[in-house]
Amino acid sequence: MAGLLVLWDVDFTLIKAGPAGRKLYEIAFADMFGPAEPPTMPPMAGRTDRAIALEMLARAGVPDPAGRVAAWQALMAAHAAEVHDLVRTAGRVLPGAAEALAAVSLAAGRQAARAAAGGRDGAGSRDGAGSRTGPVVQSVLTGNIRELADVKLGALGLSRYLDLEAGAYGSVSEVRADLVAVARGNATARYQADFAGPGTVLIGDTPLDVEAALVTGARAVGVATGAFTPADLAESGAHAVLPDLTDIPAVLAAIAGPGADGLFHGSR
């Protein structure tokens, strides 16, 4: 059964979380190293928390960063709830993000209803409108560790649109593209569907999001709501580029891709 797995980046795609991420790094550093002055934060855009942590530990002079990263990530997870109020007060949902999530969620519900009604027993075929009869699953592929993603999305009211068990998180690997197979595996186990190739769509604001899609055969949708321009994202190879998420029909068309205009029929 062929489904569609829609994976959203979190920071600067769906939300701006304010200083919460950096604050959590400071808390974890103080817990691990005491009063020592933390090093300058490494670049964060598009990178996973594991990659950032490895570089930060190296900057702090830790002789074996790879040997300490699991302990570091455990401290971040343990302290993640402490930045909830900071996200709620200093963070914000980016324009159109909640509406886009709601539109995809509605499409997922309609698709489930069509499958339950029997379209060839829901066996992954396509109906006359060109829409998949397998499940539409919406989750995240984020550089955040799971606990921090939960805090950010929960504090800003977006968790209800997402199946966070079907996603992938930045504790897994320093290479963002590695997370795609993890998310596909999680979604397949939960929905018994195939999300291979362009059956997975990554939506993000950096060339690293685009790269993760391209090297895994997924569809890449760039959103220029972070530090990178539409030209930057197009040059990186995104299949579709949006200035932001405010044009919901354009968002849904970008996710569906060419030749699948009926995928979100009735959801706009």
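Biologist: Are Tyr25 and Trp72 buried or exposed?

Modeller: The model is a predicted one. A residue counts as buried when its relative accessible area is under 20%. Tyr25 and Trp72 are both classed as buried.

Biologist: How many aromatic pairs are there, and which parts of the chain does the pair of Tyr25 and Trp72 link?

Modeller: The count of aromatic pairs comes to 2. Tyr25 and Trp72 form one of them, with 5.8 Å from centre to centre and 45° between the planes, which is tilted. The two residues are 47 apart and the pair links distant parts of the chain: Tyr25 in helix α1 (residues 20–33) and Trp72 in helix α3 (residues 65–79).

Biologist: Why is the pair of Phe29 and Phe33 classed as it is?

Modeller: The ring centres of Phe29 and Phe33 are 4.6 Å apart and the planes stand at 35°. Stacked needs under 30 degrees and edge-to-face needs over 60.

Biologist: Where do Phe29 and Phe33 lie, and what is the relative accessible area of Phe33?

Modeller: Both residues are in helix α1, 4 residues apart, or about one turn of the helix. Phe29 is buried, at 4% relative accessible area. Phe33 is partly exposed, because its value lies between the cut-offs of 20% and 50%; the relative accessible area of Phe33 is 25%.

Biologist: How do α1 and α2 pack, and what is the hand of the crossing?

Modeller: The axes of α1 and helix α2 (residues 49–59) are 13 Å apart, at an angle of about 45°. That angle makes α1 oblique to α2. The crossing of α1 past α2 is right-handed.

Biologist: Which residues make the contact of α1 with α2, and how many are charged?

Modeller: From α1 come Tyr25, Phe29, Met32 and Phe33, and from α2 come Asp49, Ile52, Ala53, Met56 and Leu57. By class, the contact of α1 with α2 has 8 nonpolar residues, no polar ones and, as charged, 1.

Biologist: What is the angle between α5 and α10, and what orientation does that make?

Modeller: Helix α5 (residues 97–117) and helix α10 (residues 248–256) have axes that come within 10 Å and cross at roughly 55°. That angle makes α5 oblique to α10.

Biologist: Which residues meet between α5 and α10, and how many are nonpolar?

Modeller: Glu99, Ala100, Ala103 and Val104 in α5 meet Ile248, Val251, Leu252 and Ile255 in α10. By class, the contact of α5 with α10 has 1 charged residue, no polar residues and, as nonpolar, 7.

Biologist: Where is Val136, and which residues is Val136 in contact with, leaving aside neighbours within four places in sequence?

Modeller: Val136 is found in strand β4 (residues 136–140). Val136 counts as buried because its relative accessibility is 7%, under the 20% cut-off. Leaving aside neighbours within four places in sequence, the contacts of Val136 are Leu4, Val104, Ala108 and Gln111.

Biologist: What is the phi of Phe12, and is Phe12 buried or partly exposed?

Modeller: Phe12 is not a glycine, yet its phi is positive, about 70°. The residue lies in the loop between β1 (4–8) and β2 (15–16). At 40% relative accessibility, Phe12 is partly exposed.

Biologist: Where is Gln192, and what is its phi?

Modeller: Gln192 sits in the loop between α7 (178–191) and β5 (200–204). Gln192 is exposed, because 56% relative accessible area is over 50%. Though not a glycine, Gln192 has a positive phi of about 50°.

Definitions and conventions. Residues numbered from 1 in each chain as written. Predicted model: local features only at pLDDT ≥ 70, side-chain atom pairs only at ≥ 80, totals over all residues. Heavy atoms only, no water. Phe/Tyr/Trp six-rings, centres within 6.5 Å; stacked < 30°, edge-to-face > 60°. Buried < 20%, exposed > 50% of the residue type's maximum accessible area, 1.4 Å probe, protein only. Axes fitted to C-alpha atoms, helices over the stretch in contact; angles between N-to-C directions. Parallel < 35°, antiparallel > 145°, perpendicular 65-115°, else oblique. Left-handed = near helix turned anticlockwise from the far one by under 90°. Contact = heavy atoms within 4.5 Å. Nonpolar A, V, L, I, M, F, W, Y, C, P; charged D, E, K, R; others polar.
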